[in-house]
Protein chains: 2
Amino acid sequence: MCVMTFAQQALWGGTQVVSPEIHGNNTVTFRLKAPKAVKVQITGDFLPTQKFSTPFGEVDGPGVADLTEGKDGIWEYTTNPLKPELYGYSFIVDGLKSTDPSNVYLIRDVATLTNVFIIGGDRADLYKVNKVPHGTVSRIWYNSPTLGMERRMTVYTPAGYETSGKRYPVFYLLHGMGGDEEAWISLGRTAQILDNLIAKGKAKPMIVVMTNGNAAQEAAPGESSLGMVTPTMQLPKTMEGTFESAFPDVVKFVDNNYRTIKSKSDRAIAGLSMGGFHSMHISKQYPDLFNYVGLFSAAIIPNKDVTSPVYQDLEGKLKVQFSKKPALYWIAIGKTDFLYKANEDFRKLLDEKGYKYTYYETGEGHIWKNWRIYLTEFTPQLFK
Amino acid sequence: MCVMTFAQQALWGGTQVVSPEIHGNNTVTFRLKAPKAVKVQITGDFLPTQKFSTPFGEVDGPGVADLTEGKDGIWEYTTNPLKPELYGYSFIVDGLKSTDPSNVYLIRDVATLTNVFIIGGDRADLYKVNKVPHGTVSRIWYNSPTLGMERRMTVYTPAGYETSGKRYPVFYLLHGMGGDEEAWISLGRTAQILDNLIAKGKAKPMIVVMTNGNAAQEAAPGESSLGMVTPTMQLPKTMEGTFESAFPDVVKFVDNNYRTIKSKSDRAIAGLSMGGFHSMHISKQYPDLFNYVGLFSAAIIPNKDVTSPVYQDLEGKLKVQFSKKPALYWIAIGKTDFLYKANEDFRKLLDEKGYKYTYYETGEGHIWKNWRIYLTEFTPQLFK
């Protein structure tokens, strides 16, 4: 393929446009050369939100702003000063949503690619690659006898792992519906957050295992023999007990292939949305496996049509789990999350029973901004 | 960030367009919903080439074809039957080059993102993820005392590596100008090619180390503390001897961190373009390190302003290297490559001296299609 020629064109083909340009005061200028366009807009999560309707009801979505055409057909928009955060945006050129051709940084969420940039400072410094020792990120395949499949996972091992000879605790980190074993390492900035927290002495060096929670899927889209299929949220076998039942295969593989500390006291499990639901059920189904449990915006929405034994006798299993006194049972959610009430109901149940948990509430809703915050808050509490 | 909302919009926001759609006869239909567009074109390397001028002279680049508008503002173009290959393309909407919003598969080459798809069959089946045992792909940082830097590399370890207890030969695989430690694993399809060749018994299980050959750069764009910078081909310290001088740091790290066979007979080095130049110089500078050498479209273009000792006494060093009889010295290039004459001159020098090498010539020029072919041809000859 002639991509080198594409690149040559891009590099040597006349005026280069810089976009996004982050200024010293944290305003950001976006530019697009589109001489024939009639209207160019930008949509991004740094703009005032607007309402979108979804099957889950109305949700707040990113707002839209107009770019202004300047000379040479270069359109431009400058934001107000932005707070530290990882932001996403797209252009809309005459109604057609487009990526920014000047910005090669894109992250996929389900079937959508969005340009990203980071405004540093405060917590967002944890999302940046800094001059600190870096862990290793591996994509490795494991055998799941329960699912009868070879499956792919992403594993973070902390800086020094290769030569230290030491054993490490393991944090199992699960994605949401439509996600896969790439979600936490890309949108979640897990490697950067762990590198930075460990370097600051705020988190213990640990292995982080990011599995694929879609029990029907071997690997992320494009990474299995299905080829370059279009990613979808509507996968079979996502919240009906299969993944939870097969989870011991994951733990066994990790314990056999990495220098882990093979005990409950050195295992944590957490997940976002569907992964929070999985974490809740896995941790109570196997009450001797995990001492630390994190539910991030957990999709605690039982489906009455599902008859998996995993979901039977919730209260009885919670009783066993909490009788063993987990070191941390951590529930986090955003105030406007469509799952807020489901989590409130679950907390009520725990309260009624006198089960000890820690609750952490943020603003906003069911968004990656919150899940990165939860990861930075949860991880320092592990394996102390 | 509200990318979940972006995704929700994309997934639930009305008619979905399928693009690209690969038909049974290997024709491919591309579609774009752009009701307001006046003209929609596609450019890709499966279309008849057109000429582009570059600083290296005129090169053949991907051609352009027009899409036709159908109902609901959906534009469409169907190719002739395509040969097996990994192809790249972009849309051009009213003059603006755009990615295909229906295709999440993009590969970055320097500063350009291009949509890709694979037509299977023949050699291109090696580029696909197949139902075979999969190796592990890791991004790991190493210390280079010579460069005074922590640097990132990509390492492929073959299926079974984690538990076999065996030692493996190592193939060092170097990228071209503007590339980095991501180039071979993305555009080069190295993991897929190695998985498939090893599964067929055509290549020995081996470790493949893909370094970053830009001596001024710690890591690929976006992966170092420089942040999300715009990738560029104009990096300092690329072909002036620094990377070659620091290469023993790489070998030392790999031998200390992986179960390698630590001998010349079990080490190979190859690279494309600038990486071919690096491989030529590294292999003669350290004549006891590599028994297998591959020059893929090597940029054998000595710069008279560069005075590095690495480039001094070329003939004397080649004499030493060839007196030790490398098991394989493999030179490959495409007929229309702008480096064809430089490689012809180098072969003449080897011929004059009676140094034994193997020559492999393909059609076309300085393109990834050729480099993937060379990888599939070179790798089966290693460590026999």
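K369(B) is partly exposed, with a relative accessibility of 24%. Its side chain meets that of E364(B) in a salt bridge, at 2.5 Å from N to O. The model is predicted, and over all chains the salt-bridge count comes to 32. Side chains of opposite charge can pair when their charged atoms come close.

**The K369(B) pair**

**A network in chain A**
- R139(A), R152(A), E181(A), E182(A) and E223(A) are joined into one network by salt bridges that share partners.

**A pair in chain A**
- D180(A) and R108(A) form a salt bridge through their side chains, with an N to O distance of 2.9 Å.
- D180(A) sits in the loop between β15 (170-174) and α3 (183-186) of chain A, and R108(A) in strand β11 (residues 106-109), so the pair ties together parts that are 72 residues apart in sequence.
- D180(A) has a relative accessible area of 4% and is therefore buried, the cut-off for buried being under 20%.

**A pair in chain B**
- The side chains of R152(B) and E223(B) meet in a salt bridge at 3.6 Å, N to O.
- This pair links distant parts of the chain, 71 residues apart: R152(B) belongs to strand β14 (residues 149-157) of chain B, while E223(B) lies in the loop between β16 (207-210) and α5 (242-257) of chain B.
- R152(B) counts as buried at 7% relative accessibility, whereas E223(B) counts as partly exposed at 27%.

Definitions and conventions. Residues numbered from 1 in each chain as written. Chains lettered and ligands numbered in written order. Predicted model: local features only at pLDDT ≥ 70, side-chain atom pairs only at ≥ 80, totals over all residues. Heavy atoms only, no water. Salt bridge = Lys/Arg side-chain N within 4 Å of Asp/Glu carboxyl O. Helix = DSSP H or I, 4+ residues; strand = E, 2+ residues; numbered from the N terminus. Buried < 20%, exposed > 50% of the residue type's maximum accessible area, 1.4 Å probe, protein only.
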